[in-house]
Amino acid sequence: IGRSGFLLHPYVEGIREEFPDSGMAYYERDNFEDLDNKIEYYLKNPAERNKIVSAGFEYVTKNHTLDNRASNIKKIISDLTRLR
């Protein structure tokens, strides 16, 4: 996603909490007919696919950079040290 790739991922509970801005497409887990249908759909609809790619790239570059991760780790360590 962070390199402008298109991701078609099985839907798992909680994934929209991590990627709320529709930066990827989903298919029903273990439903290969749904996967096949989604592959066909996105191959035939490049504008829709590119919209998802753009949203995913924007979300990842704002929220999942090395700086974001380092800040999150620092916050976790700080919170843990306050608990002692």
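## A walk through the chain

The protein chain has 4 helices and 2 strands; helices (H or I, at least four residues) and strands (E, at least two) are DSSP runs, numbered from the N terminus.

Before you click around, some ground rules. This is a predicted model, where local features need pLDDT of at least 70, side-chain atom pairs count only at pLDDT 80 or more, and totals for chains, interfaces and linings use all residues. Residues are numbered from 1 along each chain as its sequence is written, and side-chain values use heavy atoms, with hydrogens and water left out.

**Stop 1: colour by confidence**

Colour the chain by pLDDT, the predictor's confidence in each residue, from 0 to 100. The average over the protein chain is 92, and 99% of the residues score at least 70. Now select residues 15-18, helix α1: confidence is lowest here, with a mean of 84. Then jump to residues 32-44, helix α2, where confidence is highest, at 98.

**Stop 2: zoom out**

Along its principal axes, the trace spans about 55 × 25 × 15 Å. The radius of gyration is 17 Å, whereas a compact globule of 84 residues would have one near 12 Å. (That radius is taken over C-alpha atoms, and the globule rule is 2.2 Å times the number of residues to the power 0.38.)

Of the 84 residues, 19% are buried, where buried means under 20% relative accessible area, exposed over 50%, and partly exposed in between (1.4 Å probe, protein chains only).

What about contacts, meaning heavy atoms within 4.5 Å? Among contacts with a separation of 6 or more, 44% are between residues 24 or more positions apart.

**Stop 3: helix α4**

Select residues 66-83. This is helix α4, with 18 residues, and it reaches 26 Å from its first C-alpha to its last, close to the 26 Å expected at 1.5 Å a residue. (The expected span is 1.5 Å times one less than the number of residues.) How many of the 18 residues of α4 are buried? The number is 0, so this helix lies largely in the open.

**Stop 4: the rings**

Show the aromatic side chains. The structure holds 3 aromatic pairs. Rings of Phe, Tyr and Trp (its six-membered ring) pair if their centres lie within 6.5 Å; planes under 30 degrees apart count as stacked, over 60 as edge-to-face and the rest as tilted.

Start with Tyr11 and Tyr26, an edge-to-face pair at 5.7 Å centre to centre, with 80 degrees between the planes. This pair links distant parts of the chain, 15 residues apart: Tyr11 sits in the loop between β1 (8-10) and α1, and Tyr26 in strand β2 (residues 25-27). Which of these is buried or partly exposed? Tyr11 is partly exposed, with a relative accessible area of 37%, while Tyr26 is buried, at 9%.

Next, pick Tyr41 and Tyr42. They too form an edge-to-face pair, with 4.9 Å centre to centre and 85 degrees between the planes. Tyr41 is partly exposed at 39% relative accessibility, and Tyr42 is buried at 11%.

**Stop 5**

Click Asp34, in helix α2. Asp34 counts as buried, at 17% relative accessibility. Leaving aside residues up to four places away in sequence, Asp34 touches Tyr27 and Glu28.

Then try Ile39, also placed in helix α2 and partly exposed, with a relative accessible area of 37%. Draw a distance from Ile39 to Leu8: C-alpha to C-alpha, they are 8.0 Å apart in space, though 31 residues apart in sequence.

**Stop 6**

Most residues other than glycine have a negative phi. Select Ser4, in the segment before β1: its phi is positive, about 65 degrees, although Ser4 is not a glycine. Ser4 is partly exposed, with a relative accessible area of 42%.

Finish at Asp30, in the loop between β2 and α2. Its phi is near 65 degrees, again a positive value in a residue other than glycine. Is Asp30 buried or exposed? Asp30 is exposed, with a relative accessible area of 64%.

Terms used:
Expected span 1.5 Å × (residues − 1). Contact = heavy atoms within 4.5 Å.
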